[in-house]
Every structure is written in C-alpha cells, then in structure tokens.
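Here is a short report on a protein model. Look at the sequence and the 3D view first, then read on.

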Amino acid sequence: MKVLKLAKGNLDFFAAVVQQFGEVHAPVSRNGGFVFRRLQRWSEARLDYQRTILPLKKYFLPPRETLLRYTEPEGYQSCLEGLNRRIVLFGVHPCDVYALNILDEVFAGPYPDPYFQGRRRNTVIIGIDCLPDEYCFCSSMRADFVDHGFDLFFYDIGDYYFTLVGTARGDDMVLAAASLFEGVTADDVDRYKRRSAAKRQAFRLDVEIRDLPEIFEMEYESGLWEELGRRCLSCGACSMVCPTCSCFDVRDEVELGSRNGLRVRHWDSCLFVSHAQIAGGENFRRSRASRIKMRYYHKQRAFVAEYGRPSCVGCGRCLVACPASIAVTDVIAQLRETRNVPDR
Amino acid sequence: MSRIAEVAALQPAANPYQPHSARIVRIYRMVPDNALFTLRFVNPELAAAFRHLPGQFVMLSVPGAGEMPISIASSPSRTGVLELCVRRVGRVTSALYRLKTNELVAVRGPYGNGFPIREMRGHDLLIVAGGLGMAPLRSLLWYALDHRDQFERITLMCGAKTPRDMLFGEELVSLVDRSDMSCLLTVDSDPTGAWKHHIGLLPSLFDHARINPPRTYAAVCGPPVVYQFILRRLLELGFSKDRILMSLERRMKCGIGKCGHCSIGYKYTCLDGPIFTYWDAINLPEMI
C-alpha cells in the first residue's frame, strides 16, 4: 500500500482538488451533533467530529427509496436513475468504513443489490482516524482500524496527515494533487505508532467478544431478555442509527385514481411488532423480549456464523440513542456475568 | 457451487427486485378461501425458460397492493405455466382474489433451496400434509410421480377436517387407485356421508402405511398441531432428524436474503429455506 503524508496546511488545497471527483460531503455541526451532508463551503467541514447522528448507510440505503415503477400495461419497471451520482465522503471514521465493508457483504451474495452497489461504486471514501469518547468500543469489536474499504485514509500525526492510498481511484486523487503530498520518513512512522498506541489506551469501554456466540446459545433462555423486554420501548432508534442494521420494508404506493404506482423500500427494525408477523396474524416474535433478543442475537451471534464476525462495530450510536438507556456493552457484560456458583 | 449460488445462477444478472408480468390464465377455487392460480409469463421466452425445484417459492406482485412469497404448487416437470395455491388471508391476497382471468400480475424467482432432490433420489418418499400443508408439497408429489423411477416406494398421507376442506381433494382422490404409490386420505369427520376413504386424525394413517424409516425421506407440512404429532411419531418410528423435511412460512419482503424479515436464528428462510430439516428446527430458535 502506498504511504504518503499531507501537510495539514495543505488540506484545504487538497479538498479543492477532490471536488473534481464528485460532490464533497463531510461532517458538519448541527443541533449539537454532527451530520454528514453536502458542503456549501469547505470551512463547514468538522474533521474533528465525534460520531454523526446517522451512519453512512443513508447514502447507500436511503431511508426511503423507489425500487420500481408500475404502469399499465407495461408492468413493473426498475428505477435505477440517480445511482451514478458521484459523491466524495470526506472524513469517515474507521468504524463507519468497517460498517460499510460489512454492508457490502450483505448486499452482495448470490443476489447482488444494484441500488446499494451502484451508489457504492460511485462514492469515494476518504477516511480519517479519531480518538474514542465515552461511548466508543470499536476496539473491542476490532473495528478501530481498517485495512480496506477506503480510497484514502488520513491519520493525524501532528503537523501532517499520514496518508494510506487504498485504491487506484485514491491514487488518482493523490496524483491530481501530487505537489501536496510528500514521502514519509522513519520519524513519521514512529509518530504514527505513538498515535496508535495512545488511541488504544484511550478507550473507556471494553467488552470481550471471544466465545460470545457460545455464551449467547447458553444464555438463550436467560431472564435478562425478559428484563430488557420490559425496559425496551420498541422505538427502533437503535436500528435507525446502527451503521449495519439494514432491514427494510417494501410497500406499493398507488397513485390515487389509477392502478399506477411505485414500489418503495423503507428502513425497518426488528424491534417493531410487525417485523416477523405474517398474513393471518401469526407473529413469530410477538413479545418485546423476543424481539430485543433477536436484535442482539443477530448482530452478535448470527453474523459470526454467517460472515465470521459480529456485525456490531462498536460505534456507540445505539448507546447514545436509546431512550431507555439500554447499552449493548452492559448487555454483553451481563451475559458474561457468573452467578457465584462455587467451583467444584 | 453451493445450492444457493446454483439457484441464483439460473436467473439473469439484472435487477433481482424486478418482477416479470404474468397473466392469470385460470383461477380454480378449491376449498373456501383457497384457489389455485395458473399463471403464464407474458414474455414467451421467459414462459419457456422458467424452471424451478420442488419446494421453491416465488415473489408474487399484485399491482397496486404489493408483493408476497408464495410456494410453487406445480411440478417442475410441467413447464410453460406456473400454479400457485393462494389462501385469502391478508391485504395482498385479498387484492389477488379481486382479479379475474386474463388480468396481469408479476412474478420473480424462483427462490429458496427447494427439497434436496439429489439426496432424496433412490429413497422411499413419505409426504405428510395436514390442513393446507399440501400447497408446498404438491410440487414434490408431482415431481416424484413424473420421475417415478428416481424413487422407491411413495406414500402420501393427507388429512383435513371434512372432505370439502381437503386442498386438491379431487386430484388426491384420483391418486388413491394408483398402483405405483400409496395415497392415504383421511378426514376428521364426514358430514356428507359420501367420503369413501379414512375417517380419523392424520396420525391414524400410520396404521395403514408401510414405512421403512431407514430408507425414507419424510416431507411434512401443516399447522403447528400437525408438526407436534407427526414429528413425534416419525421420531418414534426411527426417522433420522435430518431426513425429516419441513417447509416454513415467514414474513418476506425481498426473497433474496436482504430485507431481514425471514431470519430465524442465523438462517434466512428465503435463502437457507424454506425447506429445513428437523435438525435445523431443533438448533434454531423460534423455528416452529
């Protein structure tokens, strides 16, 4: 992998060059939080941000999107327009890059999703490293560093951004601003290593995920799920802010006075009572306890069986968003707790 | 190549959410609120090329109402049209019931694993259907009868509340006299007095069947009470847990492993099912 550095004073110039690769979107401050959105001016960008309210899935799986259009007599026709809009996401944290890599797997497979993949292909990812706050546990989830899924990745090493070039497109961006980038020295690498060690020391939350799938199986009937079911409001906020929750509902919306219409998909949540309900009223997860258990089971256990790792990246958004203060880190800690049984 | 990849490879690489217009060529009302819809793709090439495995399903679109998963009731060996047995039970099925012959719907698929035909070949086949359970099992029954040499003894056990509640009743009655299979039909009660077959609960048919569990695959579908009694009986007879096959029903919005609704434990009903073994059922939470 090509390794370079960019003087911090040159970042503005680089951002100007990047515009030729697509609309530049970056985190900006809004209502006391941060959101990713299209920049009006580069000066709006806040690369020192803490997590954005919504994750980047909104760019690839929009909260509402039209899949098909229905007209008579042509029938259903794909709506694939707009997937080629070129966007540069500038300043993506490692956990969010990791989450997109996970969604890539979900939307690939035997039936690739052309909507997700089309947008993904046309989006440039420029990552930036960060330091954890009190909600971050990405290091526990092995998502505090990423080795792929970005075109460029910037690490803050003082006066410079240590720059990893991840793709040919990333290399084109560097070459388009070749005079701004410099080679790295052994001292720069040392600075990077010190920064990396400091980051590792800065985490305040930690959970152990080894053998968690086994513990989930053993604690499947645990009373903890009933207790969480009593606290959970089934609001689905955790799913909406989760960078890897990708359940969706599909509905037909009909134009009044005709049978023409649209087939649209919307974000959905496994915490909603209708999630596993079939026509006729049978519901496989009627109780809130069974639904919150499903959410944890799917993220922390089922994904390991499917893809070899949990789908949680430890971004901390659900800890911030939950109105009932249910924290995945507490849930995992409680599942691992022992009940003072004497050793034999 | 995995079975899922194999099934996916049968379909064009275009938009997997894109259904294809199909015309309703026949509506055959069977028991109350259950009708068999015969469909033909409008595109003649598609109509000729469509292939499925027994036990697979399609996503059926009813314009203006939505899309739903429906198991394919016709045999893979009878091509050109597609038969779907649909119960009127919700919003989209009610919209379907308002359509008439010659009107258009749309179909994509086939999806799901289907029955493991390759493993089942050369074995006895026991098909057990209770209530409306025949809908997803009919494709297997006819596949086996159309490829009679691929299977040893074939036994069908089907039960309904009364004769008029038996799904595909006429068709099944016509199989009773066949010498190359054993078709056992029973009803809980016979208000008409015209029923010439067995009367009693579904499990009572085991008394009339010749079953050799070590060389038999059982395919079961029905309401929960059927599973409860039939599964217990099959285990008592010595069936291996991975030779008891069941077809499951779940909410589905995509049919292709993306929307998340049909997940059971770490399986997706649409990709890993809808045919599961009893061993899967024991190992996955909330399965039946």
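## A buried phenylalanine

B:F168 sits in the loop of chain B between β8 (154-160) and α6 (169-173). The model is a predicted one. B:F168 is not a glycine, yet its phi is positive, at about 60 degrees.

Is B:F168 buried or exposed? There are 23 other C-beta atoms within 10 Å of B:F168, and 20 or more count as buried, so this residue is buried.

## A positive phi in chain A

Chain A has a positive phi at A:R142, near 55 degrees. A:R142 is not a glycine either. Its place is the loop of chain A between β7 (123-128) and β8 (152-156).

A:R142 has 14 other C-beta atoms within 10 Å. Buried needs 20 or more and exposed needs 12 or fewer, so A:R142 is partly exposed.

## Two cis peptide bonds

Now look at two prolines of chain B. The bond from B:G109 to B:P110 is cis, with omega near 5 degrees. B:P110 lies in strand β6 of chain B.

The bond from B:G273 to B:P274 is also cis, with omega near 5 degrees. B:P274 belongs to the loop between α8 (269-272) and β15 (275-277) of chain B.

## Where the chains meet

How many residues of chain B are in contact with chain A? The count is 36, and they touch 39 residues of chain A. On the chain B side, α1 (3-9), β4 (66-71) and β6 (104-111) each give two or more residues. The largest share, three residues, comes from α1(B).

What kinds of residue make up this side of chain B? It has 16 nonpolar, 13 polar and seven charged residues.

Key:
Residues numbered from 1 in each chain as written. Chains lettered and ligands numbered in written order. Predicted model: local features only at pLDDT ≥ 70, side-chain atom pairs only at ≥ 80, totals over all residues. Contact = placed C-beta atoms within 7 Å. Helix = DSSP H or I, 4+ residues; strand = E, 2+ residues; numbered from the N terminus. Nonpolar A, V, L, I, M, F, W, Y, C, P; charged D, E, K, R; others polar.
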